[in-house]
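Student: I've got a protein model open and I'd like to talk it through. Can we take it piece by piece?

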Amino acid sequence: MGVKYVLGNWNMKSTLAPARELLAALTGQLPGLSDVEVGIAPPAVLLMPMCKALHGTPIELGAQNVYCERS
């Protein structure tokens with residue numbers, strides 16, 4: 001069987017502080033996983049700070065387009 005992928009689309013994490021909190025919680029859960037590729041897709045305005053925050057982690061970075069709700 002091939003590699004399994006888990007990618008989270010963070011539509012509702014539109015500010016940096018909640019995104020960092022979620023990333024810290026996610027990173028803490030990864031050591032128990034094996035044979036799974038994990039990624040996040042934050043809003044476009046958070047791509048650069050999340051790219052920097054992911055440095056040195058096994059988490060991949062993706063991007064999303066837009067979402068019609070405010071939060």
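This is a predicted model: local features need pLDDT of at least 70, side-chain atom pairs count only at pLDDT 80 or more; totals for chains, interfaces and linings use all residues.

Student: How many bridges join β2 to strand β3, and do they run parallel or antiparallel?
Tutor: Two bridges join them, and the two strands run parallel. Strand β3 covers residues 60-61. Strands here are DSSP runs of E with at least two residues, helices are runs of H or I with at least four, and both are numbered from the N terminus.

Student: Which residue in β3 is the bridge partner of Ile40?
Tutor: Leu61. The chain gets from β2 to β3 through α2, and this β-α-β crossover is right-handed. That term means that, with the strands pointing away from the viewer, the path from the first strand over the helix to the second runs clockwise.

Student: What about β1 and β2, how many bridges there?
Tutor: Six, and that pair is parallel too. One of the bridges links Lys4 to Val36 in β2.

Student: In what order do the strands sit in the sheet?
Tutor: The order is β1-β2-β3, in an open sheet with parallel pairing. Two strands count as paired if DSSP finds at least two bridges between them.

Student: Which strands stand at the edges?
Tutor: β1 and β3. Each has a single partner strand, so one side of each has no neighbour in the sheet.

Student: What is the mean pLDDT?
Tutor: It is 82, and 86% of the residues reach 70 or more. pLDDT is the predictor's confidence in each residue, from 0 to 100.

Student: In what order do the elements run from the N terminus?
Tutor: β-α-β-α-β. That is two helices and three strands.

Student: New topic. Which residues make up the largest nonpolar core?
Tutor: There are ten, among them Trp10, Ala19, Leu30, Val38, Ile40, Met50 and Ile59. α1 (16-29), β2 (36-41) and α2 each supply at least two of the core residues. A nonpolar core is a set of buried Ala, Val, Leu, Ile, Met, Phe, Trp, Tyr and Cys residues joined through side-chain atoms within 4.5 Å.

Student: Where is Leu30 found?
Tutor: In the loop between α1 and β2.

Student: Why does Leu30 count as buried?
Tutor: Because its relative accessibility is 12%. Buried means under 20% relative accessible area, exposed over 50%, and partly exposed in between, with a 1.4 Å probe and protein chains only.

Student: What does Leu30 touch?
Tutor: Val38, Pro58 and Ile59, not counting residues up to four places away in sequence. Contact means heavy atoms within 4.5 Å.

Student: And Val3, where is that found?
Tutor: In the segment before β1. Val3 is partly exposed, with a relative accessible area of 49%. Its C-alpha atom is 7.1 Å from that of Glu37, 34 residues apart along the chain.

Student: Last one. What percentage of the protein's residues count as buried?
Tutor: 23% of the 71 residues.

Methods. Residues are numbered from 1 along each chain as its sequence is written. Side-chain values use heavy atoms; hydrogens and water are left out.
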